[in-house]
Amino acid sequence: MERITTEEAALGASTDDDLRITMLVKEGQLVAQGAPILGLRHHPEIVQVAPMAGRIASIDLAPGRRLSEIRLFREDEAGRHQHSIQAAQTDDAALRSLLMQSALWLTFRSRPFGRSPLPDETPAAIFVMGFDTKPLAPDPTLAVKDREEHVAIGISHLLRLTTGPVYLCQGGKAHEGFREVAPHERLQKVNATKLHPWGLPGFLVHRHHPATLSRPIWDIHLEDVAGIGALLETGLVPETRLVSIGGPGVTEPRLVHCQPGADLRSLCHGRISPGPHAVLSGSLLEGRKARWLGTRDRQVSVLNAAGTQPPMHWLLSALKRASRPRPIIPTAAVEHALGGALPAMAMLRALEVGDRETAVRLGALSLVGEDLTLADYVTCAEPRHSTLLHHMLCAIAEEEAA
C-alpha cells in the first residue's frame, strides 16, 4: 500500500454540523503535525489538530464563527507536535484531557444524535468496529496490520473511559485485529455477518446495547483505537489513515495511507478514466462531492458524471407521478436495508410522518443517518429517510437541551 501526503489539505465542516470554533492559529503561521489549531467554542477543551506539518494558507469562517474551511500548505520542516503523556497513563481525567487535546476525542461517535461526545460524558458501552461492510470500504484489519500491540494498548485505555462493556466487533470469527488484546471481564466479542448493512455500528448497538437519552453509547473505528494506543506510547498523533479509492470512474482501485483532509484531486490524479466525473468523499451510498477527505471518511468514490443516471423503469416512473409521490412498497430488500435488526416498514413510516414516540421505541436513538443510506438507495424515497432521521434527532436534542 502506497503512502501519500498531498501538498494541500483542509479541515472543514458541513452546514449541518454547525461547528462554532475559536481559532488558535493565524493565517501564514507554521504549524506542526498534531498541534492544536482550533478549539470548539462551547467546549474549548476539545480541539482539532493540524493534519500535516505545514503553513496555514487560509481560514474561512461562516457567520457565527462557524467552521467552513481551513486550508494548509505542506511544509515538512514544521515537524510533529509532541504531546505530554505521562499523567494520562494512570490518571483518568488526564487521559480524557489528552484525547481532547490531541483531537482523538473526535474519533468517538456518541449515540443518540451521532455527534462527538461531550467533555463530561461517560458512555454506558463502547463498540470497537473491527470490520466495515460499506461497499468498497477498506478492511480495518489491514489498517492495523503489524500494529496489534497499539490496538491492545488503546483498548486497555478505552476500559478506563467507561464502567460498562467494550464490544470488539469483527466480521466472521477470526478477530484478526484483536490478537494482542488481553482478556478482561468487560471485553465482549461480537461476531457479525460481513454483509452490508449488518456491519454498521448502529444496528450492532441496537442489537447488543441500545442507546437511550440517559445511557449514551460510543463507537470508534479499529484504526483510531490503534491511534490512541500509539499516542499513549509515543506522544504523537498518527499521521495517516487507510483510505480506499474506487468506483466506476477509477481505472485502478487501490488502498493508500494518507493524511486526514487530504486533497482528493491529488489522490486520484492519473487514476481516473477519461471524461467528466464526480469525486465523492465517502462511500457510493452516502458520499458527497468534495475537494477534501472528510473528517470521518475512509473512502474516496469516483463516479462517471456522464451516464450515471440509468433509464428509469416504467414502474418507478408511474410511482413518481402518483398522487402520493414515491410510496414505499414492502419488500425483502427494504427489510434487508435495515439489517434485520428492527421492523423496517414501521420505522420508515414513523420517520415519514414524524412520529417520534414510535421511532424512539423502535430504536431510532441507536441510529444515525449513515445507517439508513442503504434504505434510501432501495426505496428512492424523497425526502431521504436518513435526512428525516437527522432532523428528528436534532429536534429531540433541542428538546433535551431546553
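Predicted model: local features only at pLDDT ≥ 70, side-chain atom pairs only at ≥ 80, totals over all residues.
**The sheets**

Start with the four-stranded sheet. It is open, and its strands follow the order E2-E8-E7-E4. The pairing is antiparallel. Strand E2 spans residues 8–12 and strand E4 spans 30–31. Both stand at the edges with a single partner strand, so one side of each has no neighbour in the sheet. E4 is joined to strand E7, residues 54–62, by two bridges. These two strands run antiparallel. Val-31 sits opposite Gly-54 of E7.

A second open sheet has three strands, ordered E3-E5-E6. Here too the pairing is antiparallel. Strand E3 (21–23) and strand E6 (47–49) form the edges, and each pairs on one side only. From one strand to the next, the twist averages 30 degrees. Strand E5 covers residues 36–40 and is linked to E6 by three bridges. E5 and E6 run antiparallel. Pro-36 has Val-49 in E6 as its bridge partner.

**A pair of helices**

Two packed helices are described by the angle between their axes and the distance between the axes. How do helix H1 and helix H5 pack? H1 covers residues 92–101 and H5 covers residues 222–234. The angle is about 110 degrees, and the axes are 12 Å apart. H1 is therefore roughly perpendicular to H5. From H1, the contact uses Leu-95, Leu-98 and Leu-99. From H5, it uses Ile-228, Leu-231 and Leu-232. By class, this contact of H1 with H5 has six nonpolar residues, no polar ones and no charged ones.

Most residues other than glycine have a negative phi, and most peptide bonds are trans.

Leu-136 is found in the loop between E10 and helix H2, residues 140–143. Pro-197 is placed in the loop between strand E12 (187–192) and helix H4 (201–208).

**The cysteines**

How many disulfides does the count give? It comes to zero. Take Cys-258 as one case. The closest cysteine sulfur to its own is in Cys-268, at 10 Å. A disulfide needs the two sulfur atoms within 2.5 Å, so that distance is too far for a bond.

Is Cys-258 buried or exposed? Its relative accessible area is 0%, so Cys-258 is buried. Cys-380 has 35% relative accessibility and therefore counts as partly exposed.

Note on methods: Residues numbered from 1 in each chain as written. Heavy atoms only, no water. Axes fitted to C-alpha atoms, helices over the stretch in contact; angles between N-to-C directions. Parallel < 35°, antiparallel > 145°, perpendicular 65-115°, else oblique. Contact = heavy atoms within 4.5 Å. Nonpolar A, V, L, I, M, F, W, Y, C, P; charged D, E, K, R; others polar. Pairing = 2+ DSSP bridges. Buried < 20%, exposed > 50% of the residue type's maximum accessible area, 1.4 Å probe, protein only.
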